[in-house]
Amino acid sequence: MGNAVRGIVAFVPSERCQRFLVGDLKEMPLDRTLDLSSRQLRRLPVAACIFDELVKLYLSDNNLSSLPAELQGLKKLQLLALDFNCFEELPAAVCRLPQLSILYLGNNRLHYLPREVRDLRELTTLWLETNCFTDFPEAICELTNLKTLHLGYNLIRSLPNDLKQLQELQSIWLAGNLLTEFPPVLLEMHFLAIIDVDRNKIRYFPNLSHLNGLKLIIYDHNPCVNAPVVGEGVRRVGRWADNSDDEQEDVETKAGNETVDEAGEVQSEEKHTDEGQGAE
């Protein structure tokens with residue numbers, strides 16, 4: 001019943017109705033965290049932007065498609081959660097948050113990122129899963145402090161060569177895209193610890209044993225004819241992953257011989273609270 005009432009009130013733009021949805025925003029929260037998730041909000045009250053000491057702002061699971069320019073006044077904000085909303089483009093104010101290190105944008109309607117995203121120099125974690133990207137957002141390649149990138153469940157077919165500039169990147173999550181080959185640029189990123197290409201269209205996996213930093217490769221649910229060869233101690237999740245090294249070599253040799261022509265042709269992790277703690 002409460003959610004139904006909130007849903008009705010959300011259509012009424014009066015300040016009184018907004019106070020019903022978000023409460024009385026008069027004092028800075030003691031923990032410098034403001035959680036306005038799941039309030040049926042269609043716009044963010046400017047009153048939520050007055051706390052210039054705010055470190056974390058959760059706006060998940062609302063009906064937001066824009067944000068007020070006043071948001072850029074939150075100069076100390078480190079975590080911003082905008083997932084499960086209705087954003088078709090990233091609000092300009094978000095790109096003007098100099099201390100932002102964790103940004104959740106999953107489950108929206110984004111199909112590109114503006115170049116201004118590169119101004120988020122402190123960004124270490126970026127979630128863009130379940131959006132509408134058909135091309136890899138090139139602006140990401142300038143986020144030189146990025147450590148974790150979630151781009152699963154979009155419509156991406158390839159990765160740009162400039163991605164290798166992100167030498168701090170430790171994990172990349174690309175499940176549920178349209179990759180038909182293992183992205184060549186990843187073969188040059190020796191510093192990656194986690195690669196997730198689950199649920200793509202990859203037919204053949206190259207040798208990954210030279211990736212010294214690799215700890216985990218997830219390649220399940222691909223129409224692959226072989227499993228990736230990896231270095232000692234690297235965990236594989238996918239078909240044939242449980243074979244012994246000798247058996248694996250036999251399978252890969254046989255598969256490679258049978259599909260050389262084909263290969264030539266085709267060539268939830270942590271959640272908000274855990275990552276939020278890392279922003280402190």
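In what follows, contact means heavy atoms within 4.5 Å. With that settled, I begin with one residue. Leaving aside neighbours within four places in sequence, Leu82 is in contact with Leu59, Leu67, Phe87, Val94, Leu103, Tyr104, Leu105 and Asn108.

Before I go on, a word on the basis of these values. This is a predicted model, in which local features need pLDDT of at least 70 and side-chain atom pairs count only at pLDDT 80 or more, while totals for chains, interfaces and linings use all residues. Residues are numbered from 1 along each chain as its sequence is written, and side-chain values use heavy atoms, with hydrogens and water left out.

Let me turn to the chain as a whole. The protein chain has 5 helices and 10 strands; these are DSSP runs numbered from the N terminus, with helices being H or I of at least four residues and strands being E of at least two. Of the 280 residues in the protein chain, 50% are buried. Here buried means under 20% relative accessible area, exposed means over 50%, and partly exposed lies in between, with a 1.4 Å probe and protein chains only. The accessible surface of the protein chain is about 13,900 Å², and 47% of that belongs to carbon and sulfur atoms. Those areas come from the Shrake-Rupley method with a 1.4 Å probe, and for residues only the protein chains shown count as cover.

Next, the sheet. In which order do the strands of the open sheet run? The order is β1-β2-β3-β4-β5-β6-β7-β8-β9-β10, with parallel pairing. The edge strands are β1 and β10 (235-237), each of which pairs on one side only. Neighbouring strands of this sheet are turned by 5 degrees against each other on average, direction ignored. For that angle, axes are lines fitted to C-alpha atoms, for helices over the stretch in contact, and angles run from 0 to 180 degrees between N-to-C directions. Two strands pair if DSSP finds at least two bridges between them. As one example, β8 (residues 194-196) and β9 (residues 216-218) pair in the parallel sense over 3 bridges. Asp196 has Ile218 in β9 as its bridge partner.

I now come to the loops between strands. Leu82 itself is placed in the loop between β3 (79-81) and β4 (102-104), and this residue is buried at 0% relative accessibility. Leu82 and Leu57 are 25 residues apart along the chain, and their C-alpha atoms are separated by 8.9 Å.

Leu54 lies in the loop between β1 (33-35) and β2 (56-58). Is Leu54 buried or exposed? Leu54 is buried, with a relative accessible area of 0%. Beyond four places in sequence, the contacts of Leu54 include Met28, Pro29, Leu34, Leu74 and Leu77. From Leu54 to Lys75 there are 21 residues in sequence and 8.3 Å in space, C-alpha to C-alpha.

Gln40 also belongs to the loop between β1 and β2. Gln40 is not a glycine, yet has a positive phi of about 60 degrees. Gln40 is partly exposed, with a relative accessible area of 26%.

Thr130, in the loop between β5 (125-127) and β6 (148-150), likewise has a positive phi, near 55 degrees, and is a residue other than glycine. Thr130 is partly exposed, at a relative accessible area of 32%.

Tyr153 is placed in the loop between β6 and β7 (171-173) and is partly exposed, with a relative accessible area of 41%. Tyr153 and Trp173 are 20 residues apart in sequence and 9.5 Å apart in space, C-alpha to C-alpha.

Finally, the interior. A nonpolar core is a set of buried Ala, Val, Leu, Ile, Met, Phe, Trp, Tyr and Cys residues joined through side-chain atoms within 4.5 Å. The largest such core has 70 residues, and those with the most contacts inside it are Leu71, Leu80 and Leu186. A second, separate core of 6 residues includes Tyr58, Ala81, Ile102 and Trp127. Returning to Leu71, its contacts beyond four places in sequence are Leu44, Cys49, Leu57, Leu80, Ala93, Val94 and Leu97.

As to the cysteines, Cys86 is buried, with a relative accessible area of 18%, and Cys95 is buried at 6%. How many disulfides does the structure hold? The structure holds 0 disulfides, a disulfide being a pair of cysteine sulfur atoms within 2.5 Å.
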